[in-house]
Amino acid sequence: MIKINELNKHFDEEVVISGFVDEIRNLKWVQFVVLRDETGKVQITIEKSEEANKELVEIVDNLTVESTLKVTGKVMDSPKVKLNGMEVIPSKIEVTSVNLGELPFNYKDISTVNLDTRLDYRYIDLRSEKNILMFQIQSTLVRYMREYLYINGFTEIHSPKLLGAASESGSEVFEVKYFDKKAYLAQSPQFYKQMALAAGFGKVFEVAPCFRAENSNTSRHATEFTSFDLEMAYINDFNDVMDLEAEMLAYAFEKTNEVYGEKIKEVFETELVVPKTPFPKMRLADIYQELEERYGYKIDDSEKNDLTTEAERLCYKLSMDKFNSEFLFVIDFPAEKRAFYHMRDENGILQGYDLIWRGVEITTGAQREHRYEHICKNAKEKGLNEDVKFYLDFFKHGCPPHGGFAIGVDRLTMLLLGIPSVKETQFLFRGPNRLNP
């Protein structure tokens, strides 16, 4: 079976192709069928006057758009054909499935289609060339992030998503019935990434679903999402983690740009800017000072212990104006709003960071607390003693200094391509009001 984008390698050869019927033009003397697969489109041409085509003509006479075909035919170089300068002259057409009715909406023109309607019929919405391209780009980006880690000695792991105790924050977990017990869906693979390092793995990563029971109806939140997580041992401090993340993203962006850079400009009307390393970094307090001095952004001091949504947005402008960089590491957060397993210095300052890209936080990363006494103290302060006892045990028998981060794949895709919402960049969106299809 040949993919449509490979047909230009098979001129004057008989091939077999399959796909959806994208268009039918049934004229007096000739029939044209445009066949579409995930790689492109091609014109199938049938001359009605040829006796050998009688059966083919009858098939096309009864054909409906969006049915699927298997076509055997010869690939012809035809410069007069507007669609890619080629056509397939068929000797056999097999209808492999039939579209039985009118589509719920025209996926080729969604300008008047409600997003909820598109999500209700996602299997139709995803037929658009733009959506298929979006997921091909997403797949390529994740592929090269993975490739960078493989090159640098990381091991891919697959941790459980059913937990016996609530992780990180009990208020944001989904509880499920597990036989005669309670179980919880994992908010992240954080605990198990760290367990792997306590076991001596050295460097690990995972690409997997995560679940957050947050009733957030925003353009960048979901109750289930795909997270790209990694953890690495024997670091000097959290700067090692930031350096690795910057280098990984620069590598993946460069490779993805080589494959899809022109398509991204053409279809999404945006540019994939390959970043230069190292990424700039600023202290949280300094950011608020500069946002006020440069752009007149003022907030109460009580809000300055984290980045507000507006401050995140302005960080993009600040970083471009100050460093000519789309990326900005924000450091020196107070520990009060961060997870108990993040390391703190003697002044209580978090040994971690947020990474802001194009005005949105895409990563929270840190050096982790690996010393048993310290992490037990941190957990107790957060009221998590018994809930995380199994996790605290990981550090009783030695664990190297380590750190890591996580990136939401759906949010990364949204920012990369200028898509308005993660509802569109998730294959199937899950939010507070959506569990189907």
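**Exercise 1. Decide whether asparagine 84 is buried or exposed.**

Solution. Start with the cut-offs: buried means under 20% relative accessible area, exposed over 50%, and partly exposed in between (1.4 Å probe, protein chains only). Asparagine 84 has 53% relative accessibility, so it counts as exposed. Helices (H or I, at least four residues) and strands (E, at least two) are DSSP runs, numbered from the N terminus. Last, check the backbone: phi of asparagine 84 is positive, about 65°, although the residue is not a glycine.

The model is predicted: local features need pLDDT of at least 70, side-chain atom pairs count only at pLDDT 80 or more, and totals for chains, interfaces and linings use all residues. Residues are numbered from 1 along each chain as its sequence is written, and side-chain values use heavy atoms, leaving out hydrogens and water.

**Exercise 2. Find where arginine 358 lies, and state its burial.**

Solution. Arginine 358 belongs to the loop between strand 14 (352–357) and strand 15 (360–367). Its relative accessible area is 15%, so arginine 358 is buried. Its phi is near 50°, a positive value in a residue other than glycine.

**Exercise 3. Locate the cis peptide bond that ends at proline 278.**

Solution. The bond runs from threonine 277 to proline 278, with omega near 0°. Proline 278 falls in the loop between helix 6 (238–268) and strand 12 (281–283).

**Exercise 4. Name the residue joined to proline 437 by a cis peptide bond.**

Solution. The partner is asparagine 436, and omega is about 0°. Proline 437 lies in the segment after helix 12 (422–425).
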